[in-house]
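Have a look at the structure first, then read on.

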Amino acid sequence: YDTHLASIHNSDENTVAGNLCTTNNCWIGLNDRANEGNFTYTDGTSFDHPPATWGSGLPDNLGGQEHCIQLISGGYWNDLPCQSNMPFLCNTPTESPTTDPTSDPTNDPTRDPTIDPTADPTQDPTANPTEPTSDPTNDPTVDPTIDPTTDPTTDPTIDPTSDPTVDPTIDPTADPTSDPTVDPTSDPTIDPTSDPTTDPTNDPTTDPTIDPTYDPTVDPTIDPTSDPTTDPTKNPSTDPTLAPSTAPTFSPSLAPTSPPTSAPSTAPTFSPSIAPTTPPTSDPTTAPTFSPTLTPSAPPTSSPSTAPTNPSASPTTDPTRDPTSDPTNDPTTDPTVDPTVDPTSDPTVDPTSDPTYDPTLFPTASPTKSTSKACGINTFCYEAYLQPMAGMTVSDTIGVSSTVNGEVNYHIIQTTIGDTTCNRPYIDVTFEETDFND
């Protein structure tokens with residue numbers, strides 16, 4: 001009959017088959033001859049009908065000989081020996097069978113085959129086909145995707161691209177541009193701006209900043225620096241210089257002058273003053289000091305020296321508050337570490353080269369005009385006049401003692417008067433000292 005015994009795969013088909021077998025039981029194509037308990041149809045299709053179709057207690061393989069299935073009254077199934085004679089029910093043969101049937105038919109043919117199948121079916125059909133469209137295209141793609149989407153769009157484009165991307169995004173934009181670029185970037189940003197520019201540059205930077213400004217300039221420089229500052233000023237100049245320094249200072253002023261000089265120095269100091277003068281000189285020195293004072297005079301002199309001395313390498317940390325108006329032209333190289341707090345207003349023009357280390361606290365108001373010279377051995381010369389008391393001769397001084405705070409310091413043991421090497425009247429006094437510390 002050029003067909004197979006009937007294969008039944010759903011309740012509707014079982015009802016139709018049962019109506020055809022109203023008088024007698026009928027054979028159908030189900031059997032387990034090849035493997036007991038593993039039922040298949042003779043047309044190669046799988047057994048997928050619900051077990052509720054079986055009669056009560058069936059199949060039972062009575063005597064181990066029942067391997068073929070009959071359709072009995074009421075639409076129920078029973079197993080019998082395959083050699084039993086009875087009517088049979090067949091599948092309806094196709095009206096236009098293929099002239100070259102496949103040698104490997106499908107086990108699960110479609111229940112609703114296309115009336116115009118493709119002349120060149122795929123050699124590798126998908127193992128998980130989707131529900132076929134009710135309105136298939138008349139011009140299917142000749143190169144369908146190997147990995148079709150599991151969630152196709154319900155509103156496909158009527159004008160699909162002829163060159164789709166090989167790596168489409170898994171998160172497409174909900175609002176694509178109507179005018180996409182013809183040359184998109186190969187490395188798009190992962191965090192694009194929500195407000196792109198309406199006039200993008202034709203020559204973008206190859207190394208854009210990670211932290212762009214929120215308020216870019218409307219008039220950017222046409223020749224930007226290749227080494228921008230890592231700490232730009234928050235208050236840039238509104239009128240920058242046209243000729244910036246090629247060697248700017250590493251420690252710029254925190255409070256620069258508001259009217260900068262029109263002729264800046266070509267060799268600025270490396271250590272500018274922290275508190276520069278507000279009215280700078282109009283005629284600065286060409287050889288400034290390398291170690292300026294940290295506390296300059298608030299009212300500097302209006303007539304500085306034209307020939308200043310070389311400053312001390314170790315200046316005093318406690319300079320005088322009332323310096324002399326006529327300083328010496330030849331200052332000492334070894335100044336005293338304990339200068340007098342009340343210097344004379346009329347210093348000597350010929351100071352001694354060997355000053356005493358323990359000067360008197362109460363010098364005479366009228367010192368001698370000339371100093372003592374070679375007044376003898378083992379004697380002490382004093383630049384003072386002896387004022388003996390009335391009625392007292394020189395010899396009367398012998399035995400006189402000097403006391404300070406109740407302690408005897410010396411005894412005069414001999415006195416002479418003469419006018420020899422000292423070139424003036426003098427008294428040669430020999431002392432017997434008692435306290436060498438005074």
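A disulfide here is a pair of cysteine sulfur atoms within 2.5 Å. Searching the whole structure on that basis turns up two disulfides. Keep in mind that this is a predicted model, in which local features need pLDDT of at least 70 and side-chain atom pairs count only at pLDDT 80 or more, while totals for chains, interfaces and linings use all residues. Residues are numbered from 1 along each chain as its sequence is written, and side-chain values use heavy atoms, with hydrogens and water left out.

Here are the two links side by side.

| Disulfide | S-S distance | Torsion about S-S | Hand |
|---|---|---|---|
| C21 and C26 | 2.0 Å | -125 degrees | left-handed |
| C68 and C82 | 1.9 Å | about 95 degrees | right-handed |

Strands are DSSP runs (E, at least two residues), numbered from the N terminus.

How about accessibility? Buried means under 20% relative accessible area, exposed over 50%, and partly exposed in between (1.4 Å probe, protein chains only). C21 and C26 are both buried. C68 has a relative accessible area of 11%, so it counts as buried, whereas C82, at 28%, is partly exposed. Another cysteine, C90, is partly exposed because its relative accessibility is 30%.

Now for the sheet. Two strands count as paired if DSSP finds at least two bridges between them. Four strands make an open sheet in the order β2-β1-β3-β4, with antiparallel pairing. β2 (40-41) and β4 are at the edges with a single partner strand each, so one side of each has no neighbour in the sheet. Strand β1 (residues 26-31) pairs with β3 over three bridges in the antiparallel sense, and W27 has Q70 in β3 as its bridge partner.

The protein chain averages 75, and 81% of the residues score at least 70. Among its elements, β1 has the highest mean pLDDT (94) and strand β7 (residues 426-433) the lowest (47). Over residues 370-394 pLDDT stays under 50, and the model has 29 contacts for them beyond four places in sequence; contact means heavy atoms within 4.5 Å. Residues 417-438 are also below 50, with 54 contacts beyond near neighbours in sequence. Where pLDDT is low, the predicted coordinates should not be read in detail.

Conventions. pLDDT is the predictor's confidence in each residue, from 0 to 100.
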